[in-house]
Each structure stands twice: as C-alpha cells, then as structure tokens.
Amino acid sequence: MLLTLAWGSLFFPGLFALCTWALRRSRLEWTDTDYVTISARLVSSVQAVLATGSGIIIIRSCSDVIRDRGSGETLGTSLLAVSSQQN
C-alpha cells in the first residue's frame, strides 16, 4: 500500500510538471494561468480514468461487492466486521 502511495505521489505531480512544461514549449502565447488550468484538468482526467478502471476491476472480480473480501483483508481490517461489532 505504501509503495502505491509513493508511486502516486511521484506520478501525478510529475505528470502535472510534464504537461505544464510541454504546454509552455508549444503554446508561447498562453498565460501561466492557462498552462496551470489545462495541466490540472489533464491530471484530473487521468486520475478519473484510473479510478474508474480500478472500480470496474473490483466490481468484475467480486460476486457480491459488499460481502466479498480482498486477498489482503483480514477480520481486523474488514469494514463489515467493524460495523457488526458496533451493533
């Protein structure tokens, strides 16, 4: 989990910096606000596509999304176990 967080912490800011740099090189007449706005929207779009893809993978791999457990989940990390203990 920490490795995924580390890669995401490098990938998305790197993508933003790369987009901003590429736009500055290709569109010299734009303002800094234009560069930042377009880059932020592109990064947000990439995040949305990746989140949608991971959601589709999860839904397709589970027969019952609410009750199925992932491969690394235990009773200690299960939201279902926590909610049943509170009742």
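Predicted model: local features only at pLDDT ≥ 70, side-chain atom pairs only at ≥ 80, totals over all residues.
Residues are numbered from 1 along each chain as its sequence is written, and side-chain values use heavy atoms, with hydrogens and water left out.

**Fold and confidence**

- The protein chain has three helices and zero strands, in the order α-α-α from the N terminus; helices (H or I, at least four residues) and strands (E, at least two) are DSSP runs, numbered from the N terminus.
- Mean pLDDT for the protein chain is 82, and 78% of its residues reach 70 or more; pLDDT is the predictor's confidence in each residue, from 0 to 100.

**Burial and contacts**

- Of the 87 residues in the protein chain, 11% are buried; buried means under 20% relative accessible area, exposed over 50%, and partly exposed in between (1.4 Å probe, protein chains only).
- Among contacts between residues at least 6 apart in sequence, 29% join residues at least 24 apart; a contact means heavy atoms within 4.5 Å.

**Aromatic pairs**

- The structure holds two aromatic pairs; rings of Phe, Tyr and Trp (its six-membered ring) pair if their centres lie within 6.5 Å, and planes under 30 degrees apart count as stacked, over 60 as edge-to-face and the rest as tilted.
- F11 and F12 form an edge-to-face pair, with 5.0 Å centre to centre and 75° between the planes. F11 counts as partly exposed because its relative accessibility is 45%.
- W30 and Y35 form a tilted pair, with 6.3 Å centre to centre and 40° between the planes. W30 is partly exposed at 29% relative accessibility, whereas Y35 is buried, with a relative accessible area of 5%.

**Salt bridge**

- The count comes to one salt bridge, defined as a side-chain nitrogen of Lys or Arg within 4 Å of a carboxyl oxygen of Asp or Glu.
- In this salt bridge the side chains of R24 and D32 meet at 3.0 Å, N to O.
- D32 is partly exposed, with a relative accessible area of 48%, and R24 is partly exposed at 36%.
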